[in-house]
Every structure is written in structure tokens, then in C-alpha cells.
Amino acid sequence: MNRQELISSMRLFLFDMDGTLYLGNRLYSFTKELLEQIKAVGGKYLFMTNNSSKSVEDYIKKLSGMGIASDREDFITSSQATAYYLQKHHSGKTLYVCGTESLKKELRDQGFVVSDDIAKTQCIVMGFDTELTFQKLHDVSYLLLTQPDLPYIATNPDKVCPTEFGSVPDCGRVCDMIFNATGKRPVVIGKPSPLMPELAMERLGISKEQTCVVGDRIYTDIKSGLNAGITGILVLSGETTVQILEQSTEKPHLVLQDAGEILEVLKNNR
């Protein structure tokens, strides 16, 4: 199937955000028209992000500041997927969250008790923590070493988060720090787990054959699509370079310079 046929067959686009639709605080020039065009041809899209440092409300505000209108139903986040997993496997447990206040609020809004009191901790949650302190690293290390059977969950495995100037360490690198100190690895919820794409398809009632994930990272975005049995479209506008692509054992179904190429196809179909 060529580029035109593959893109034209999609009804649900699961978009990674940073590096795919914008970079840091800079919206790509094609993004607004692309989202409008998907709706114009009868398609649907969701914003699917591993970044757990921001709540859905934070993302709504961020996109609004870029001229993109959205509401809660337009998102599927690693925070939401983590809450779903916790409700299924660790319902009622008190959480110690190594994450932002936004992540803590998201989990509290889902009915969880979040406490900084390590004496009350029944489960650890690691997120992309832009408010990270040494005390949090100390607490998590202490808990894992003194209670080796304590449930330990991470929202996402991303090694870095792209910025306008390059990258900063993400949740996966902080988890590496904890591993070096404790020898413990978490259960990872976000991409590349298939859970987020599966929840998205279930929510909107769209089949695997008509669903794709569009993102700039092979090891999270594309792999989540492959794991969920859907189409993976890699864009080279963020983290992944041609060299990284060539060296990767996982291959996307389609490689684009950026998501603006999707817009070109959809416009040609009208």
C-alpha cells in the first residue's frame, strides 16, 4: 500500500504531540489546518501523549494558547492510562507520586489518595517530573529498598523530552537513576504499551484497520502502534533521525518528514 492509499484508509489518527504537532511552545505551521482537514473528511483524532507532567487541563490551555481549540475528550494521556491501570490492579491504595502537582491532581481526581508521607505509601508512581527534587529520589529509593514488594509504576519510559534547544531528561532516565540505586524497574504504562491505543479505539469504536499512531519516536509512539496491531506513521520532525531509523529493529509502516504530508494527502482526496 502506497502513502496515498495508507493515509486515505485511516479514520482515527492518534497524534503524539511534542515533536509531532509542535516543538516546545512552537506550533508547526501545518498543525491547525491538518486537524481541521481530518474533521472535514469525516475522520477523528486524539492527542496521545506520554508526557505526564501536565494534566489534560494544562494541555487544553497550552493548545488554546497556540490557537487550537480542544476539550477533555480529545486527549488520551499516560496519566489517564496509569489511573486506569491503578484502578484495575491497585484500587484503594495510597500513592507516593514522584511527579508534578498536575499529575497528583489527575490521580486525586480519579479517586486516589496521594500522600508524601512514606509511612502511608502502598504504591509508588513515577512520572515525568519537571518539579523533581532530591528528596523525592531519596524517598523512592528508601521505599524500594525497605519494601521490595511495593508496587512500582511508571507513567512512561521516554528517555528525553524534546525542547526548542535539544532535549531534557524524561521519566525513563529518572527511572534509570532509581534502578542504579535500587536494582528495581517499574511496570511501565505509557507508550510503547498498547494500552493507550486500545483505550482510544474502544472509546471511539473504530477498528484497528482504520487507526494509526503518528509520532516522532520509534521506541514509544511507533512501537505502541505495532504492539496494538495498528498502523505506525513516523515523522522526522522530532527526536528520530534517519540514522536512528536505519538502526532500529522496529520499523514503521510509513515514514514522513513531518505530519504536514498527511495534510497534503487529505487535501488531494477532496
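Modeller: With the word contact, which here means heavy atoms within 4.5 Å. This is a predicted model. Take helix 9 as the case: its buried residues are covered by, among others, strand 4 (44-49), helix 8, strand 13, strand 14 (231-235) and helix 10 (242-247).

Biologist: Which residues of helix 9 are buried?

Modeller: Buried means under 20% relative accessible area. Helix 9 spans residues 218-228, and its buried residues are Ile218, Thr220, Asp221, Ile222, Ser224, Gly225 and Ala228. As a general idea, an α-helix has 3.6 residues a turn, so residues three or four places apart point the same way.

Biologist: What does the backbone do just after helix 9?

Modeller: Most residues other than glycine have a negative phi. The residue just after helix 9 is Gly229, with a positive phi of about 75°.

Biologist: Which residues are buried in helix 11, and what covers them?

Modeller: In helix 11 (residues 260-268) the buried ones are Gly260, Glu261, Ile262, Leu263, Val265 and Leu266. Their cover includes helix 1 (3-8), strand 1, helix 2 (31-40), strand 13 (211-215) and strand 15 (254-256).

Biologist: What share of the contacts joins residues at least 24 apart?

Modeller: Count contacts between residues at least 6 apart in sequence, and 69% of them join residues at least 24 apart. Ser53 gives a local case, in the loop between strand 4 and helix 3 (56-65). Leaving out residues up to four places away in sequence, Ser53 touches Thr100, Ser102, Phe128 and Thr130. Ser53 and Glu131 are 78 residues apart along the chain, with 8.7 Å between their C-alpha atoms.

Biologist: Is Ser53 buried or exposed?

Modeller: Ser53 counts as buried, because its relative accessibility is 7% and the cut-off is under 20%.

Biologist: Where is Gly19, and what is it in contact with?

Modeller: Gly19 sits in the loop between strand 1 (12-15) and strand 2 (22-23). Its relative accessible area is 0%, so Gly19 is buried. Beyond its neighbours within four places in sequence, Gly19 is in contact with Tyr28, Asp216, Val235, Ser237 and Gly238.

Biologist: How many disulfides does the structure hold?

Modeller: A disulfide is a covalent bond between the sulfur atoms of two cysteines. The structure holds zero. Cys175 is in no disulfide, and the nearest cysteine sulfur, that of Cys171, is 4.0 Å away, whereas a disulfide needs the sulfur atoms within 2.5 Å. Cys175 is buried, with a relative accessible area of 5%. For Cys161, also in no disulfide, the nearest cysteine sulfur is again that of Cys171, at 11 Å.

Biologist: Which peptide bond is cis, and where is Pro192 found?

Modeller: Most peptide bonds are trans. The bond from Lys191 to Pro192 is cis, with omega near 20°. Pro192 lies in the loop between strand 12 (187-188) and helix 8 (195-204).

Terms used: Residues numbered from 1 in each chain as written. Predicted model: local features only at pLDDT ≥ 70, side-chain atom pairs only at ≥ 80, totals over all residues. Heavy atoms only, no water. Helix = DSSP H or I, 4+ residues; strand = E, 2+ residues; numbered from the N terminus. Buried < 20%, exposed > 50% of the residue type's maximum accessible area, 1.4 Å probe, protein only.
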